[in-house]
Amino acid sequence: PLPADQVAIAVMDSGVKRELAGSAFNERVQECASSFAVLKQQIPELGCLAHLRREDFEAHRGLLSAVQQRRCEHVVSEVARTEQASAGLRAGRLDVFGAAMTAAHASLRRDYEVSTPELDALVEAALAVDGCYGSRLTGAGFGGCTVAVLHPDAIAGFSEEVPRRYREATGR
């Protein structure tokens, strides 16, 4: 549930064209597939990487390269964040939902490595506005958009502040 009187959703376009075919997106897909193949040998009942339990990942992470470990860390932590976000919404805790969004962006930047300086600047600009619960990149990354969840009373300030901060940070 999203209480309409407490939530507004903003989508911000970085202006960076996303060229997935020419980007490292396919590389990320392959890194996840190769991680799954290694882990599946150790955990035969593993149906997909999203079903990887934290304790199984920790027990077998040494079999993975450093890059594979980061990709799996993102997947495992993203599943946990999604569960936290869902519980937060059910409890009416938009702060918990927003924190999960923002943590997802950090993981997409650090562990999955699909963010860009422009996407990071948009997220930072959004989070600097009072009333913003959380923000993250949306889609496959490497450009494109971010999304923020904010209190409706924050819309006017958000609409002025985010573009100004983004321009200052990126020149865009």
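Which residues in H4 meet Leu 119, Asp 120, Val 123 and Leu 127 in H5? Hold that for a moment.

Some ground rules. This is a predicted model, where local features need pLDDT of at least 70, side-chain atom pairs count only at pLDDT 80 or more, and totals for chains, interfaces and linings use all residues. Residues are numbered from 1 along each chain as its sequence is written, and side-chain values use heavy atoms, with hydrogens and water left out.

Names next. Helices (H or I, at least four residues) and strands (E, at least two) are DSSP runs, numbered from the N terminus.

Back to the opening. The H4 residues are Thr 102, His 105 and Arg 109. Contact here means heavy atoms within 4.5 Å. The residues of this contact divide into three nonpolar, two polar and two charged. For those classes, Ala, Val, Leu, Ile, Met, Phe, Trp, Tyr, Cys and Pro are nonpolar, Asp, Glu, Lys and Arg are charged, and the others, Gly among them, are polar.

Now the geometry. H4 covers residues 94-110, and H5 covers residues 117-127. Their axes come within 11 Å and cross at roughly 160 degrees. That makes H4 roughly antiparallel to H5. The label applies over 145 degrees. Axes are lines fitted to C-alpha atoms, for helices over the stretch in contact, with angles from 0 to 180 degrees between N-to-C directions.

On to the sheet. What is the order of its three strands? The order is E1-E3-E2, in an open sheet with antiparallel pairing. E1 and E2 stand at the edges with a single partner strand each, so one side of each has no neighbour in the sheet. Neighbouring strands are turned by 20 degrees against each other on average, direction ignored. H4 packs on this sheet, touching E2 and E3, and its direction makes about 25 degrees with that of E2.

Pairing, briefly. Two strands pair if DSSP finds at least two bridges between them. Six bridges join E1 (residues 8-13) to E3. Val 11 has Val 147 as its bridge partner in E3. Ala 8 is partnered by Leu 150 in E3. Between E2 (residues 132-137) and E3 there are five bridges. There, Leu 137 stands opposite Thr 146 of E3.

Last, E3 itself, residues 145-150. Five of its six residues are buried, meaning under 20% relative accessible area (1.4 Å probe, protein chains only).

How values were computed
Parallel < 35°, antiparallel > 145°, perpendicular 65-115°, else oblique. Buried < 20%, exposed > 50% of the residue type's maximum accessible area, 1.4 Å probe, protein only.
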